[in-house]
Amino acid sequence: MAKVKYYYDPETLSYRVIRRKKRRTLKYIAAFLLASALFGFFMVVAGSYFFESPKERELSRELENMQLQYDLLNKRMDDAIAVLENIEERDNAIYRHYFEANPIPEEQRRAGFGGINRYKKFEGFDNSKLIKESNKRLDILEKAIVVQSKSLDEIAILAKDKEKLLEAIPAIQPVNNDDLTRMASGYGYRTDPFTKVRKFHYGMDFTAPRGTPVYASGDGIVKRADNSSSGYGKHIRIDHGYGYVSLYAHLYKYNVRINQRVKRGDLIGFVGSTGRSEAPHLHYEIFKDGERINPINFYYGNLSASEFSELLQKASLENQSLD
């Protein structure tokens with residue numbers, strides 16, 4: 001049963017029933033509905049601001065996971081860069097130095113990419129900066145790996161060349177120590193045995209009996225085996241490549257022919273006393289880029305430290321040469 005409301009009428013000095021007009025009632029209803037709608041709207045807005053919907057929570061989790069993955073990616077790149085920097089340091093300080101190659105400058109190893117904006121497609125996102133920086137670091141890392149890979153390819157080629165060089169350099173004494181009578185004369189000023197005049201001796205004289213084996217001091221190709229050079233008599237010249245040539249003079253006879261390829265330690269001839277020679281011995285010279293150099297520095301291949309020291313002492317004596 002609806003409640004009846006009254007009001008006091010001072011003119012009639014009595015209470016009268018309050019009768020609500022329909023129009024006013026409709027206004028109250030409309031005002032109530034409007035207030036309810038506004039309240040609901042503000043509650044929805046406030047709720048969306050302070051509380052996440054299931055869809056938003058799912059997207060938030062995906063975003064957090066993406067952030068975590070990028071952090072892990074950057075950590076892995078840091079580890080990869082550290083390993084690469086160690087390889088680069090050894091490459092410049094050891095490998096390229098040993099094989100006499102110029103070190104690769106840091107600017108070349110860490111160069112970026114000029115020209116167009118390669119990372120424009122990553123702009124406009126909440127984590128654009130993170131994504132761009134990660135991709136930029138990855139590109140630089142990939143380029144540095146390519147540079148290092150090419151460097152190692154170059155080192156591999158240089159190593160092969162170095163191995164050939166080490167095999168080619170005349171690095172052993174051409175006459176065995178057991179076969180030597182003595183080391184008669186070294187490189188430097190000596191007394192000529194015929195004129196008795198002091199002049200420069202461009203090789204080393206190894207005294208040994210006639211017929212003593214003479215060995216190639218390094219890999220190479222026989223360029224001459226004749227007696228047409230003044231003073232040398234029967235002699236052999238071996239071109240070792242890389243600018244090195246070795247000469248073996250006053251031989252008794254040959255054991256090789258012109259254009260024959262020989263290896264270090266191969267028997268190439270025998271000690272004699274042909275040409276301008278006072279007694280059986282081997283006159284041995286080394287040329288580098290057409291210039292005669294001291295052969296004493298090229299016996300590390302078959303002499304011990306004590307044997308080399310003794311040879312060095314004898315070679316330094318300014319005595320009379322045998323040719």
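I count a contact where heavy atoms lie within 4.5 Å. The model is a predicted one, and on that count residues 24 or more positions apart account for 65% of the contacts in the protein with a separation of 6 or more.

Overall inventory: I found five helices and 15 strands, with buried residues making up 32% of the 323 residues. I noted an accessible surface of about 21000 Å², of which 56% belongs to carbon and sulfur atoms.

Core: I then looked up the largest nonpolar core, which has 25 residues, and listed those with the most contacts inside it as Val-214, Ile-236, Ile-238, Tyr-248, Ile-268 and Leu-282. At least two residues of this core come from each of β6 (204–207), β8 (220–226), β9 (235–241), β10 (244–249), β13 (267–271) and β14 (281–288), and the largest share, three residues, is supplied by β14.

Strand β13: is β13 enclosed or open to the outside? Four of its five residues are buried, so I recorded β13 as largely enclosed by the rest of the structure. I next traced its pairing, and found that β7 (residues 213–215) runs antiparallel to β13 over three bridges, with Tyr-215 standing opposite Leu-267. Strand β11 (residues 251–254) is likewise joined to β13 by three bridges in the antiparallel sense, and here Tyr-254 has Gly-269 as its bridge partner.

Technical notes:
Residues numbered from 1 in each chain as written. Predicted model: local features only at pLDDT ≥ 70, side-chain atom pairs only at ≥ 80, totals over all residues. Heavy atoms only, no water. Core = buried A, V, L, I, M, F, W, Y, C linked by side-chain atoms within 4.5 Å. Buried < 20%, exposed > 50% of the residue type's maximum accessible area, 1.4 Å probe, protein only. Pairing = 2+ DSSP bridges. Areas by Shrake-Rupley, 256 points an atom, 1.4 Å probe, with all protein chains shown as cover.
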